[in-house]
Amino acid sequence: MRIVLDRARCEGHGLCEEAAPQLMHLDDDGELVLDREEAGQADAALANAAARVCPVAALRVE
């Protein structure tokens, strides 16, 4: 499974970070950083939850 971030759409709301702090975080400038772009099945639920809560649909899981 792969987590894809559309940087142009991301507005740094942080809801995705709250849903999946094991996979991503906001840096000091408020930019989202994917700690792991590749995630195993155990993290699939977290990644999908993060994608669902993003208000600008900047994340997707492939």
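Reader: What makes Gly14 count as buried?

Author: In this predicted model, where local features need pLDDT of at least 70, side-chain atom pairs count only at pLDDT 80 or more, and totals for chains, interfaces and linings use all residues, Gly14 has a relative accessibility of 9%. Buried means under 20% relative accessible area, exposed means over 50%, and partly exposed is what lies in between, with a 1.4 Å probe and protein chains only, so Gly14 is called buried. Residues are numbered from 1 along each chain as its sequence is written, and side-chain values use heavy atoms, with hydrogens and water left out.

Reader: Where does Gly14 lie?

Author: Gly14 is placed in the loop between strand 1 and helix 1, where helices (H or I, at least four residues) and strands (E, at least two) are DSSP runs, numbered from the N terminus.

Reader: What is called a cavity here, and how many are counted?

Author: A cavity is a set of points, on a 1 Å grid over the protein atoms alone, where a 1.4 Å probe fits but cannot get out, and its lining residues have an atom within 4 Å of a point. Grid points are joined across faces, edges and corners, and a volume is the space filled by probe spheres set on the points. By this rule there is 1 cavity of 30 Å³ or more, and the largest cavity holds about 90 Å³ of space. It is lined by 15 residues, of which Cys10, His13, Gly14, Cys16 and Cys54 are the closest to its centre.

Reader: Why are the buried residues of helix 2 said to be on the same side?

Author: The buried residues of helix 2 are Ala44, Ala47, Ala50 and Ala51. They cover an arc of only 130 degrees around the axis, the arc being that of the directions from the helix axis to the C-beta atoms, and therefore they are placed on the same side of helix 2. On the other side of helix 2, Ala45 and Arg52 are exposed.

Reader: Which elements do the buried residues of helix 2 pack against?

Author: They pack against strand 1 (3-5), helix 1 (15-19), strand 2 (24-26) and strand 4.

Reader: Why is Arg9 called partly exposed, and which residues does Arg9 contact?

Author: Arg9, in the loop between strand 1 and helix 1, has a relative accessible area of 44%, and is therefore called partly exposed. Contact means heavy atoms within 4.5 Å, and, leaving aside its neighbours within four places in sequence, Arg9 is in contact with Val56, Ala57 and Ala58.

Reader: What makes the phi of Ala57 worth a remark?

Author: Most residues other than glycine have a negative phi. The phi of Ala57 is near 55 degrees, which is a positive value in a residue other than glycine.

Methods. 1 Å grid on protein atoms, 1.4 Å probe; cavity = no way out; pocket = protein on both sides within 12 Å on 5 of 7 lines; lining within 4 Å.
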